[in-house]
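Could you walk me through this protein chain, starting with its overall layout and ending with a few individual residues?

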Amino acid sequence: LGRDAAGNLVTRRPRGAGLSYTVISDSFAPNPATMSDRFPVPEEIARKHLQLPNLDPRIARRAREVTRAAPGRYARARALEEHLRSQYAYSLELEGLAGPDPLAAFLFSARAGHCEYFASALAVMMRLEGIPSRLVNGYRAGDYNRIGGHWTVRQRHAHALGSSRRPRRIE
C-alpha cells in the first residue's frame with residue numbers, strides 16, 4: 001500500500017497474484033450545517049451531472065411536489081430520498097416495469113422495484129431539481145470468511161447507490 005505522485009492511495013500486487021486485491025475506501029456522512037447554497041455548482045459539474053434524457057413530464061411534477069417545502073439543495077435531496085424510501089417498496093419482482101419508460105412505470109404504477117430503480121429515480125429527480133447527481137453501481141460487502149480472513153463478493157452482492165440508506169424491503 002502506498003501513494004502515487006498525486007497523493008492517491010494505491011495498492012500494488014505482484015503480477016500473477018490471482019484475483020485477490022485490497023481496497024481502501026474513505027466514506028463520510030455529510031454534515032448539513034457545513035453545506036451551503038451560497039456557492040454555485042461549477043460549470044463542468046453542471047454540464048456533466050445535470051444532463052437528462054426526454055422524460056415523462058409527471059416525473060418533473062413529482063420532484064417539484066416532493067421538494068416544494070425544502071429550502072436548498074441538500075434539503076431537496078433529502079426530501080427526495082425520504083419520499084422514495086417511504087412511498088415505494090423494494091422488490092426483486094419486476095412486474096409492470098417493462099415497456100418504453102421503466103422509470104415512469106416504477107414511480108407511477110408498479111411503485112416497487114430493485115435498487116437500480118430507486119437509484120435511477122433519485123438521480124433523475126435530483127437533476128430535475130438542479131442538483132448534480134450520478135448513479136453508482138458496485139458491490140456491497142460480501143460474505144466474510146473467518147477461516148481464510150477474507151471477504152467473498154458474489155453477483156448477489158451487486159447494488160446500485162442513489163441514497164445513503166436502503167429502501168424498505170417487501171417479502
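Here is a tour that goes from the whole chain to its helix contacts, its core and some loop residues.

This is a predicted model, in which local features need pLDDT of at least 70 and side-chain atom pairs count only at pLDDT 80 or more, while totals for chains, interfaces and linings use all residues. Residues are numbered from 1 along each chain as its sequence is written, and side-chain values use heavy atoms, leaving out hydrogens and water.

Let's begin with the layout. The protein chain has 5 helices and 8 strands; helices (H or I, at least four residues) and strands (E, at least two) are DSSP runs, numbered from the N terminus. Reading from the N terminus, the order is β-β-α-α-α-β-α-β-α-β-β-β-β. Of the 171 residues, 30% count as buried, where buried means under 20% relative accessible area, exposed over 50% and partly exposed in between, with a 1.4 Å probe and protein chains only. The accessible surface comes to about 12,100 Å², and 52% of that belongs to carbon and sulfur atoms; these areas come from the Shrake-Rupley method with a 1.4 Å probe, and for residues only the protein chains shown count as cover. Among contacts (heavy atoms within 4.5 Å) between residues at least 6 apart in sequence, 50% join residues at least 24 apart.

Now look at helix 5 (residues 115-128) and its partners. Helix 2 (residues 57-67) packs against helix 5 at an angle of about 75 degrees, with the axes 9 Å apart. Axes here are lines fitted to C-alpha atoms, for helices over the stretch in contact, and angles run from 0 to 180 degrees between N-to-C directions. Helix 2 and helix 5 are therefore roughly perpendicular; angles of 65 to 115 degrees get that label, those under 35 are roughly parallel, those over 145 roughly antiparallel, and the rest oblique. Ile59, Ala60, Arg62 and Ala63 of helix 2 make this contact with Val124, Met125 and Leu128 of helix 5. By type, the contact residues are 6 nonpolar, no polar and 1 charged. Ala, Val, Leu, Ile, Met, Phe, Trp, Tyr, Cys and Pro count as nonpolar, Asp, Glu, Lys and Arg as charged, and the others, Gly among them, as polar.

The axes of helix 4 and helix 5 come within 10 Å and cross at roughly 95 degrees, so this pair is also roughly perpendicular. Pro102, Leu103, Phe106 and Leu107 in helix 4 meet Tyr117, Phe118, Ser120, Ala121, Val124 and Met125 in helix 5. Here the residues divide into 9 nonpolar, 1 polar and no charged.

What about the core? A nonpolar core is a set of buried Ala, Val, Leu, Ile, Met, Phe, Trp, Tyr and Cys residues joined through side-chain atoms within 4.5 Å. Of the 22 residues in the largest one, Ile59, Leu84, Leu103, Phe106, Leu107 and Met125 touch the most other members. Helix 2, helix 3 (73-87), helix 4 (102-110) and helix 5 each supply at least two residues, and the largest share, 8 residues, comes from helix 5. Leu103 touches Ile59, Tyr117, Ser120, Ala121 and Val124, not counting residues up to four places away in sequence.

Finally, some loop residues. His114 lies between strand 4 (112-113) and helix 5 and counts as buried at 15% relative accessibility. Arg111, in the loop between helix 4 and strand 4, has a positive phi of about 55 degrees although it is not a glycine.
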